[in-house]
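Try each task first, then compare your steps with the solution.

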Amino acid sequence: MATGSIDGLIRHLVPAESHYPDRAFTFAFLLASRLHVPPHEVLNRVFTLAFATSPPHFYQYKVEREIQTVSNLIHLLGEWTQLFPYDFRDERMMAHVRAITERSVQVDSDSAGKNLETLLISFKFVVKLFNPWLSEDTVEGIAPKSSGE
């Protein structure tokens, strides 16, 4: 994708069942979009669009789709924290993070732990970046160790 309206590009950033933006697009868009739209507004639009599409009226399909949407959004947030951690110093950004974590627990409490563990590992880096005086033990206590560590 070379060009598009800001709304069209935000729609492309929204992860869906059949589409997940590649990391190069995510980086380029998040970097360039801040010239026109603040990061908290981009995140707000992403969340709004992710849950705005109306799925079929089959309850089971709707639940499965929402579980996948939440999982994809958590993955996108994890990438965002790695690419632009300073965006999360803004309380408005953190309000969106809290909202998606709450939604994750609501829609699928069984797998919410796995999804949120991924996000917490990303936020460990953010906490250390903003609070360099914290001891390593304090930072390690924020998120569980991943199975690969």
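**Exercise 1. The contact of H1 with H2**

Find which residues of H1 meet which residues of H2, then describe how the two helices pack.

*Solution.* Keep in mind that this is a predicted model.

Step 1. On the H1 side, look for Ile-6, Leu-9, Ile-10, His-12 and Leu-13; across from them, H2 supplies Phe-25, Thr-26, Phe-29, Leu-30 and Ser-33.

Step 2. Sort these residues by class: seven are nonpolar, three are polar and none is charged.

Step 3. Now for the geometry. Two packed helices are described by the angle between their axes and the distance between the axes. H1 covers residues 6–13 and H2 covers residues 23–33; the angle is about 145° and the axes are 11 Å apart. The crossing of H1 past H2 is left-handed.

**Exercise 2. The contact of H1 with H3**

Repeat the analysis for H1 and H3: at what angle do the axes cross, and within what distance do they come?

*Solution.* 

Step 1. The axes cross at roughly 65° and come within 9 Å. This crossing is right-handed, whereas H1 passes H2 in a left-handed crossing.

Step 2. List the partners. H1 contributes Ile-6, Asp-7, Ile-10, Arg-11 and Leu-13, and H3 contributes Val-42, Arg-45, Val-46 and Leu-49.

Step 3. Classify them: six nonpolar, no polar and three charged residues.

**Exercise 3. Ser-33, between two partners**

Is Ser-33 buried or exposed, and which residues does it touch beyond four places away in sequence?

*Solution.* 

Step 1. Locate Ser-33 in helix H2.

Step 2. Its relative accessible area is 4%, so Ser-33 is buried.

Step 3. Setting aside residues up to four places away in sequence, Ser-33 touches Ile-6 and Val-42.

**Exercise 4. Aromatic pairs**

How many aromatic pairs does the whole structure have, and why does the pair Phe-25 and Phe-29 have the type it has?

*Solution.* 

Step 1. The search finds three pairs.

Step 2. Take Phe-25 with Phe-29. The ring centres are 5.8 Å apart and the planes meet at 15°, so the pair is stacked. Both residues lie in H2, four residues apart, or about one turn of the helix. Phe-25 is buried at 13% relative accessible area, and Phe-29 is buried at 5%.

Step 3. Turn to Trp-80 and Phe-88, an edge-to-face pair with 6.1 Å between centres and 75° between planes. Both of these residues are buried.

**Exercise 5. Asp-87 in its loop**

Where is Asp-87, and what surrounds it beyond four places in sequence?

*Solution.* 

Step 1. Asp-87 sits in the loop between H4 (59–83) and H5 (91–107).

Step 2. With a relative accessible area of 9%, Asp-87 is buried, because buried means under 20%.

Step 3. Apart from neighbours within four places in sequence, Asp-87 is in contact with Arg-34, Pro-39, Trp-80 and Met-93.

Step 4. Look back from Trp-80, whose contacts beyond four places in sequence include Pro-39, Asp-87 and Met-93. Pro-39 and Met-93 are also among the contacts of Asp-87.

Key
Residues numbered from 1 in each chain as written. Predicted model: local features only at pLDDT ≥ 70, side-chain atom pairs only at ≥ 80, totals over all residues. Heavy atoms only, no water. Axes fitted to C-alpha atoms, helices over the stretch in contact; angles between N-to-C directions. Left-handed = near helix turned anticlockwise from the far one by under 90°. Contact = heavy atoms within 4.5 Å. Nonpolar A, V, L, I, M, F, W, Y, C, P; charged D, E, K, R; others polar. Buried < 20%, exposed > 50% of the residue type's maximum accessible area, 1.4 Å probe, protein only. Phe/Tyr/Trp six-rings, centres within 6.5 Å; stacked < 30°, edge-to-face > 60°.
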